[in-house]
Amino acid sequence: GFTLHRRAFCYADLGRWQEAMADINLAVEHRSDVWKQDFQLKRADLWRRQAKWQEAARDMREVAATGADAAKTWTFARDLAVVELAAGDLKAWLLAVAETDKRIGTNPNGDQARWLVFATVSGSAMISSEQHDRLFKIVDDKLTDKQAAWKPHLQAALLYRTGKFQEAADL
């Protein structure tokens with residue numbers, strides 16, 4: 001399995017997608033232990049690199065359903081939100097954004113705050129004033145000095161998603 005998955009990524013780097021997918025599929029099929037989920041996540045990564053979002057979402061959902069440790073992180077939930085949105089499944093995107101928010105918790109660091117806002121405003125849904133106020137405060141409080149350049153962009157996105165178009169434009 002390990003050799004196959006490494007070779008799959010070498011093939012992918014060379015643009016040899018059929019060979020890459022054949023190897024990663026074998027790696028997934030021949031494992032029944034915890035490594036199977038790891039290889040499924042690697043396969044999801046290969047699907048994403050090919051912009052095959054529905055296939056990536058399927059693999060990621062299957063891994064999440066197993067309760068694998070890799071699927072319990074806020075970064076996994078964030079990545080799933082992005083994939084679900086790209087796959088066009090807005091209901092699944094909303095669920096993944098909610099899970100991202102839950103996993104980040106009430107005291108996010110600057111990177112988590114930035115990604116939470118990205119995940120929340122990236123879809124076409126408007127956000128509530130409650131969400132807006134909480135996320136606006138997170139942006140104000142949690143971005144580090146290195147991330148300060150993001151502040152007006154994130155604030156504008158939040159304003160836009162709450163229908164405050166002129167305020168967003170004024171930033």
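Methionine 60, setting aside neighbours within four places in sequence, is in contact (heavy atoms within 4.5 Å) with Leu41, Ala44, Arg48, Phe76, Asp79, Leu80 and Val83. The model is predicted, so to speak of local features takes pLDDT of at least 70 and to count side-chain atom pairs takes pLDDT 80 or more, while totals for chains, interfaces and linings use all residues. Residues are numbered from 1 along each chain as its sequence is written, and side-chain values use heavy atoms, with hydrogens and water left out.

Met60 also turns up in the largest nonpolar core, where Ile24, Leu46, Met60 and Phe76 touch the most other members out of 28 residues. A nonpolar core here is a set of buried Ala, Val, Leu, Ile, Met, Phe, Trp, Tyr and Cys residues joined through side-chain atoms within 4.5 Å, buried being under 20% relative accessible area with a 1.4 Å probe, protein chains only. Another core, of 17 residues, lies apart from it and includes Trp74, Leu116, Leu135 and Val139.

Then there is the pairing of helix α7 (residues 110-121) with helix α9 (residues 151-161), whose axes come within 10 Å and cross at roughly 30 degrees. Helices are DSSP runs of H or I, at least four residues, numbered from the N terminus; axes are lines fitted to C-alpha atoms over the stretch in contact, with angles from 0 to 180 degrees between N-to-C directions. Arg114, Val117, Phe118 and Val121 of α7 meet Leu154, Ala157, Leu158 and Arg161 of α9.

In α9, the buried residues are Leu154, Gln155, Ala156, Leu158, Leu159 and Arg161, and they pack against α7, α8 (129-142) and α10 (165-170). Just after α9, glycine 163 takes a positive phi of about 85 degrees.

How values were computed. Helices (H or I, at least four residues) and strands (E, at least two) are DSSP runs, numbered from the N terminus. Buried means under 20% relative accessible area, exposed over 50%, partly exposed in between (1.4 Å probe, protein chains only).
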